[in-house]
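Please consult the sequence and the structure shown below while reading.

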Amino acid sequence: MLRFASTRDPAREPVDFDTALLNGLAPDGGLYLPTVTPRLPAGWDDADSLADLAARVLPAWLQPEDADETELADVLREALSFPVPLVQISPQRFVLEVFHGPTLSFKDVGARTMARLVARALDRRGDRLTILVATSGDTGSAVADGFAGQSAIDVVLLYPDGMVSEVQERQLTVARPGVRTFAVRGDFDDCQRLVKQAFVDPELAEVGLSSANSINIGRLLPQSLYYLWASLQLAALGVDPASAAYCVPSGNLGNLTAGVMAKRAGMPGGRFVAAHNRNDFFPGFLTGEREAFAFKRTLQTPSNAMDVGAPSNFERLHAMLGDEISDWVWGVAVGDDATLARIRAEAQAGYLACPHTAVGLEGADAYRSASGHDGPVVTLATAHPAKFPGVLERALGRPGPRSPRLEALAGAETAVSPLEPTLDALRQALT
Ligand SMILES: *Cc1c(COP(=O)(O)O)cnc(C)c1O
């Protein structure tokens, strides 16, 4: 059976998938990694949808009892019920639109799948738990939407007050069954720190906390699938997937780590570009200008779901790749003006990108110039542009695209409470 060990103390007894899934963070504060990476099964490349891919690839990672269950395939079909199209925007430039889920960002893929895996694990154990999530925008709504209404699961969301867009805030604060939302008086790093403290706090041990941030292996794993799905779509277009690079608009580096896991499992191709905004710790680390874990304070940018000074998955990526990390990943930091200019330029050429995707498209071209790579680059389009009307309007000088799904939220009932950025305040809220 596949086992998962902590990045901090790999010699400690490794755990099974359900335990890693329900713990989120390892007891020593590290992140779970599989002790070996399962190879992609024969026939993975015959899959005809993301859900079909999931049903073929995921069983090797999960509990042995999941290996031949058709029920698992049904659950995955329900979780991954939206398209993930590869769109060609010029001869060698592709975007993989991972944002067609219910909350319009790629985070629906991980959150919806994880929610169902957690519900099955709790059912097996006759247990219940509270999912505690810090969000800089898109995670919270994806997690709230994915987990809401599961009978054995409560959800608590923390987001930095005043630092998410109006649309994101509305998506976060919509009243949902089993979900409580707090606006924290601090920044995203405060939210993330609170979550980390809560997990190791003895006073909160009995609450049964777990995470659904991208530190959770249950969210990361499904995100590997759409890289495989992109490579199948490239092949279907007659493009050699082995020649492709993947450019990933990055914040906490969960998405990028999932891509690296796909490649380790045997995905063809895949040099990775980590496209960050001005929060440039990781690009600085890759060029040797910055020590590992010498994190920086968070800066606010137009791509706010990537405003992360201390990427939580860095520890995992670093543990996985060690000194090879700069052979696998090339990093770039994109400024705010360049991001807005890129939105404008792509719109003129016919493609409307959200600010995060624009950082990616800018990063992809920077990679091409710096490396001489002349093959295809697939940039992940991580959110629908309609989620960021303010930025789009600033970039285009006119209102951006709309989404009926978002407009339907305008009249919905909301529920949110303020929270001071202290462990004490969080304890009170949780107990
Ligand atoms: C979360 C998010 C990112 C960053 O992804 P990480 O896995 O944290 O690196 C990029 N774009 C959008 C739209 C997001 O919501």
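Four cavities of 30 Å³ or more are found in a search of the whole structure. A cavity is, on a 1 Å grid over the protein atoms alone, a set of points where a 1.4 Å probe fits but cannot get out, whereas a pocket is an open set with protein on both sides within 12 Å along at least five of seven lines; lining residues have an atom within 4 Å of a point. Grid points are joined across faces, edges and corners, and a volume is the space filled by probe spheres set on the points. The model is predicted: local features need pLDDT of at least 70, side-chain atom pairs count only at pLDDT 80 or more, and totals for chains, interfaces and linings use all residues. Residues are numbered from 1 along each chain as its sequence is written, and side-chain values use heavy atoms, with hydrogens and water left out.

**Volumes and lining residues**

| Space | Volume | Lining composition |
|---|---|---|
| Largest cavity | about 280 Å³ | nine nonpolar, 15 polar, three charged |
| Second largest cavity | about 90 Å³ | 13 nonpolar, one polar, one charged |
| Largest pocket | about 350 Å³ | 13 nonpolar, two polar, four charged |

In these classes, Ala, Val, Leu, Ile, Met, Phe, Trp, Tyr, Cys and Pro count as nonpolar, Asp, Glu, Lys and Arg as charged, and the others, Gly among them, as polar.

The largest cavity is lined by 27 residues, of which F106, K107, G251, N252 and A305 are the closest to its centre. Two or more residues of this lining come from each of α5 (138-147), α7, α8 (217-236) and α9 (254-264); helices (H or I, at least four residues) are DSSP runs, numbered from the N terminus. The ligand takes up the space of the largest cavity, a molecule being placed in a cavity if more than half of its atoms lie within 2 Å of its grid points.

Around the ligand stand 15 residues, the closest being K107, D138, G251, N252 and L253; a residue counts here if one of its heavy atoms lies within 4 Å of the ligand. This shell comprises six nonpolar, seven polar and two charged residues. An oxygen atom of the ligand lies 2.5 Å from a polar side-chain atom of K107, and a polar backbone atom of N255 is 2.9 Å from an oxygen atom of the ligand. A nitrogen atom of the ligand is 2.8 Å from a polar side-chain atom of T382. The protein buries 98% of the 380 Å² that the ligand exposes when taken alone, with accessible areas from the Shrake-Rupley method and a 1.4 Å probe.

**The second largest cavity**

In the second largest cavity, 15 residues form the lining, and L40, V57, W61, L228 and A265 are the closest to the centre. Both α8 and α9 give two or more residues to this lining, and α8 gives the most, with four residues.

**The largest pocket**

The largest pocket has a volume of about 350 Å³. Of its 19 lining residues, L22, N23, F199, G208 and L209 are the closest to its centre. The elements that contribute two or more residues to the lining of the largest pocket are α1 (17-23) and α7 (188-199).

Methods:
A polar contact is a pair of N or O atoms within 3.5 Å; within protein, one must be able to donate a hydrogen and the other to accept it, and residues adjacent in sequence count only if both atoms are side-chain atoms.
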